[in-house]
Amino acid sequence: MKKVAIVGCGGSGKSYLARELARILDAPVTHLDAAYYDDEWNELPTEKFTALQRELVAQPRWVIDGNYNSTLQIRLEACDTVVLMDVSTMAALYGILSRQIRHGAGHKGNGVHNRIHWGVIKYVATYRRKMRPRVMAKIEEFASGRADVVLLSNRRQTRRWLREVAAEHR
């Protein structure tokens, strides 16, 4: 496990998993929100965001978290492991709200990018119905049969999986 793409709904625990997994694997971690947005929430132009991801996945080791369906193929074609944080809608909504309470709004430098507004709540509330099937289709098309696919459905399962990975990499 050297190149890991972590995807899933906002509030699912992608950034936490990325930080912990990168520590265990001794690999650099990239939170795509931190690459895509500046401190004023301006978006990186699409061509620059695409180029940046191509540079990142060309490295020998990495952990990258973030959805960004328009560029997901880049990460899926390059990874040896893809992790889908497949938590329930209620767990994801709880995740974004509890993150807001714990960290406040803004960029925190550790993968935490908080900006809760109606669009974010709607995205999280409809992720399993609207976005998850698209993500699953891309995983099937670009990673299945070539990369290990791990589905984690709750925080307890995520912690257990991290312990297993840590034990394998001692």
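I call a residue buried under 20% relative accessible area, exposed over 50%, and partly exposed in between, using a 1.4 Å probe and protein chains only. I checked arginine 163 against that scale: the residue is exposed, with a relative accessible area of 53%.

**Ground rules.** I am working from a predicted model, where local features need pLDDT of at least 70, side-chain atom pairs count only at pLDDT 80 or more, and totals for chains, interfaces and linings use all residues. Residues are numbered from 1 along each chain as its sequence is written, and side-chain values use heavy atoms, with hydrogens and water left out.

**Arginine 163, continued.** I placed arginine 163 in helix α7. Helices (H or I, at least four residues) and strands (E, at least two) are DSSP runs, numbered from the N terminus. I then compared arginine 163 with isoleucine 24. The two are 139 residues apart in sequence and 9.4 Å apart in space, C-alpha to C-alpha.

**The sheet.** I count two strands as paired if DSSP finds at least two bridges between them. Strands of a sheet pair through backbone hydrogen bonds, either parallel or antiparallel. Here I found an open sheet of 5 strands in the order β2-β3-β1-β4-β7, with parallel pairing. Which strands stand at the edges? They are β2 (29–31) and β7 (148–152); each has a single partner strand, so one side of each is left without a neighbour in the sheet. On average, neighbouring strands are turned by 15° against each other, direction ignored. For angles, axes are lines fitted to C-alpha atoms, for helices over the stretch in contact, and values run from 0 to 180 degrees between N-to-C directions.

**Strand β1.** I looked at residues 3–8 next. Of these 6 residues, 5 are buried, so β1 is largely enclosed by the rest of the structure. I traced 4 bridges from β1 to β3 (residues 62–65) and 5 from β1 to β4 (residues 81–85). Alanine 5 has isoleucine 64 as its bridge partner in β3 and stands opposite valine 82 in β4.

**On to β7.** I followed valine 82 across: it stands opposite valine 149 in β7. The strands β4 and β7 run parallel, joined by 5 bridges. Helix α6 (residues 118–142) lies across β1, β4 and β7, at about 170° to β4. Helix α7 (residues 155–168) packs on the sheet and touches β4 and β7; its direction makes about 140° with that of β7.

**Threonine 30.** I found threonine 30 in strand β2. Is this residue buried or exposed? It counts as buried, at 18% relative accessibility. Contact means heavy atoms within 4.5 Å. Leaving aside residues up to four places away in sequence, threonine 30 touches Leu56, Val63, Ile64 and Asp65.

**Cores.** A nonpolar core is a set of buried Ala, Val, Leu, Ile, Met, Phe, Trp, Tyr and Cys residues joined through side-chain atoms within 4.5 Å. The largest one has 30 residues, and Val7, Leu76, Val82, Val135 and Ile139 have the most contacts inside it. I noted that α6 supplies the largest share, 6 residues. Another core, of 17 residues, lies apart from it and includes Ala22, Ile24, Leu25 and Val165.

**Cysteines.** I looked for disulfides, each a pair of cysteine sulfur atoms within 2.5 Å. The count came to 0. Cysteine 9 counts as buried at 3% relative accessibility. Cysteine 79 is buried too, with a relative accessible area of 1%.
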